[in-house]
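Hi,

Here is the structure I said I would pass on.

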Amino acid sequence: MADSPPSCYLSLAPMQGLTDAPMRDLLTRIGGFDECVSEFVRITHTVHSRATWLKYAPEIANSNRTPSGVPCTVQLLGSDEEKMAENALEAVRFGVRKIDLNFGCPAPTVNKHQGGAVLLKEPERIHRIVRTLRRALPDHIPLSGKMRLGFEDKTLALENAQAIAEGGACSLTVHARTKVEGYEPPAHWSWVKKIADAVSIPVTANGDVFTLRDYLDIKRESGCNSVMIGRGAVMCPDLARQIKQYENGEEVCEMPFAEILGWINLFVDLCLFQTANEKYAVARLKQWLGMMKKAYPEAQALFDAVRTVREAEAVQKIVTGFQVAAG
Ligand SMILES: Cc1cc2nc3c(=O)[nH]c(=O)nc-3n(C[C@H](O)[C@H](O)[C@H](O)COP(=O)(O)O)c2cc1C
């Protein structure tokens, strides 16, 4: 008998400059995620070296899993299907086990070079890219796609989704907005349902899940059991764990900020381990606190306390001081 699909599958969204390897490591340790996706690896005219693939996805050296064992998919962004296929094959040679294709990036520089969301104006081109990669890759390497609802409007949403499915992708994630809608709420979850009804591959719903309530709403409106969470997972690092607790019929325990403080110091360590660059570690922490303060008022006080501090050790001392004060 075939396995029935899981009633809840959670993936951590690819977010350039936000869900880098240390953040993926941290959030998958906290728990709840079934999969994570690397920041996009941009493909232009070169074939990337092993060092580059490892820089984007150090998980490659760990059987494509984060240290806590969650599989990591590597995302490619580009428009030259031959170069993308060459790179995808090389990535597989270095150990990548699942590839995702980005058809949603709104960045002007990326779109100017015919990558990301601009491709949503040309479903045939999207189809060609997916088909070329599917044909080039060994059968056992899953290939998925991630799209927005369109560039300027949603008129080609179904056509683009079908282009991805018929090109040979095994699954599709839909960020429920057009490119011009940027990150402006609301995300149009009912459009994910329209897309899921129009394609024969599993669809993952994505966009504006910041709370357990949002998760229940996106699931209901999209009809999808598979949900991808981006900014919400960074703002509320145990959101995926809360969702899994709920789905498992367990008591939902929100992580108190006092406990998050321990994870904050670990995050600084993970950043230092990844780059040995103190400035980077401190900047990433400030970026994270800046986002977390929307969910936790306590993060504001910590943000203010570290705002002008530049050394990682000094930052960690301050965090520890907050931990002691929180008892
Ligand atoms: C800072 C930032 C960087 C992003 N980088 C990527 C990326 O590399 N690849 C991609 O497919 N989507 C990228 N996205 C889009 C997210 O994966 C996701 O689709 C979007 O944030 C909506 O989900 P959310 O509301 O849960 O954050 C990015 C989003 C943000 C905010």
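Strand β4, residues 72-77, is mostly covered, with six of its six residues buried. Keep in mind that this is a predicted model, so everything below is read from predicted coordinates.

In a regular strand, side chains alternate between the two faces of the sheet.

Which strands does β4 pair with? I noted these:

- Strand β2 (residues 35-37) runs parallel to β4 and is joined to it by two bridges. Here C36 sits opposite C72 of β4.
- Strand β3 (residues 41-42) also pairs with β4 in the parallel sense, over two bridges. In this pairing V41 is opposite L76.
- Strand β5 (residues 99-103) pairs with β4 in the parallel sense over three bridges. L76 turns up again, standing opposite L101 in β5.

If you trace the chain on from β4, look at helix α3, residues 81-93. Together, β4, α3 and β5 form a β-α-β unit, and the unit is right-handed.

One more thing to look at is the ligand. There are 22 residues around it, and A13, M15, H175, G230 and R231 come nearest. Sorted by class, the shell around the ligand holds eight nonpolar, ten polar and four charged residues.

Cheers

Notes. Residues are numbered from 1 along each chain as its sequence is written. This is a predicted model: local features need pLDDT of at least 70, side-chain atom pairs count only at pLDDT 80 or more; totals for chains, interfaces and linings use all residues. A residue is buried if 20 or more other C-beta atoms lie within 10 Å of its own, exposed if 12 or fewer, and partly exposed in between; C-beta atoms are placed from the backbone. Helices (H or I, at least four residues) and strands (E, at least two) are DSSP runs, numbered from the N terminus. Two strands pair if DSSP finds at least two bridges between them. A crossover is right-handed if, with the strands pointing away from the viewer, the path from the first strand over the helix to the second runs clockwise. A residue is near a molecule or strand if its C-beta atom, placed from the backbone, lies within 6 Å of it. Ala, Val, Leu, Ile, Met, Phe, Trp, Tyr, Cys and Pro count as nonpolar, Asp, Glu, Lys and Arg as charged, and the others, Gly among them, as polar.
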